[in-house]
Amino acid sequence: MALAYLLGDLAGRERDAFDERLIAESALLEDVAALEDELIRDALRGELPPGRQSSFDRHTMNIPGLRRKYELTRALLIAGGANPASLRQPAAPVPRRGKP
């Protein structure tokens, strides 16, 4: 469910319930933060399956704070010796599907 949350695939009550759990359960919040970091690294390296990459681009890259995190992670990987050509550039914001 955490992955679906991060990719914007939860809607309405399901998303609201997960938001409430994140507020109430610090361990869940830590797990989701770690998954978010992993998702960003995988996206940067081009390791996400096409459907998941599309969801990532559509949802995550349209959230300014997460877009900045993506760009910062990319810069840190390059500073650590990663070849910039091997890392994906941030995708242009993609219009979201009809989700509230």
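View 1. The side chains of R21 and E25 come together in a salt bridge, with N and O 3.2 Å apart; the term stands for a side-chain nitrogen of Lys or Arg within 4 Å of a carboxyl oxygen of Asp or Glu. Side chains of opposite charge can pair when their charged atoms come close. Five salt bridges are present in the structure. The model shown in every view is predicted, so local features need pLDDT of at least 70 and side-chain atom pairs count only at pLDDT 80 or more, while totals for chains, interfaces and linings use all residues. Residues are numbered from 1 along each chain as its sequence is written, and side-chain values use heavy atoms, with hydrogens and water left out.

**View 2. A salt bridge between K69 and D37.** K69 is joined to D37 by a salt bridge in which the closest N and O atoms are 2.6 Å apart. This pair links distant parts of the chain, since K69 belongs to helix α5 (residues 64-79) and D37 to helix α3, 32 residues apart; a helix here is a DSSP run of H or I with at least four residues, numbered from the N terminus. With a relative accessible area of 26%, K69 is partly exposed, and D37, with 30%, is partly exposed too.

View 3. E36, D37 and K69 are linked in a network of salt bridges. E36 has its place in helix α3 and counts as buried, at 17% relative accessibility. When its neighbours within four places in sequence are left aside, E36 is in contact with L6, L66 and K69, where contact means heavy atoms within 4.5 Å. From E36 to T73, the chain runs over 37 residues in sequence, and the two C-alpha atoms lie 12 Å apart in space.

**View 4. The packing of α3 with α5.** The axes of α3 and α5 come within 10 Å and cross at roughly 60 degrees; each axis is a line fitted to C-alpha atoms over the stretch in contact, and angles run from 0 to 180 degrees between N-to-C directions. From α3, the residues A33, E36, D37, I40, R41, A43 and L44 take part, and they meet L66, K69, Y70, T73, R74 and L77 of α5. Sorted by class, the residues of this contact are seven nonpolar, one polar and five charged (nonpolar: Ala, Val, Leu, Ile, Met, Phe, Trp, Tyr, Cys and Pro; charged: Asp, Glu, Lys and Arg; polar: the others, Gly among them).

**View 5. The packing of α3 with α4.** Helix α3 (residues 26-44) packs with helix α4 (residues 50-59) at an angle of about 110 degrees, and their axes are 11 Å apart. On the α3 side the contact is made by L39, I40 and A43, and on the α4 side by R52, Q53 and F56. By class, this contact of α3 with α4 consists of four nonpolar residues, one polar residue and one charged residue.

**View 6. Q53 and its contacts.** Q53, found in helix α4, is buried, with a relative accessible area of 10%. Apart from its neighbours within four places in sequence, Q53 is in contact with A43, L48 and R88.

**View 7. A salt bridge between R88 and D57.** The side chains of R88 and D57 meet in a salt bridge, with N and O 3.4 Å apart. R88 lies in the segment after α5 and D57 lies in helix α4, so this pair ties together parts of the chain that are 31 residues apart in sequence. The relative accessible area of R88 is 25%, and R88 is therefore partly exposed, whereas D57 is buried, with a relative accessible area of 11%.

**View 8. D9 in the loop between α1 and α2.** D9 is found in the loop between α1 (2-6) and α2 (12-24), where its relative accessible area of 33% makes it partly exposed. D9 and R67 are 58 residues apart along the chain, and their C-alpha atoms are separated by 18 Å.

Notes: Helices (H or I, at least four residues) and strands (E, at least two) are DSSP runs, numbered from the N terminus. Buried means under 20% relative accessible area, exposed over 50%, partly exposed in between (1.4 Å probe, protein chains only).
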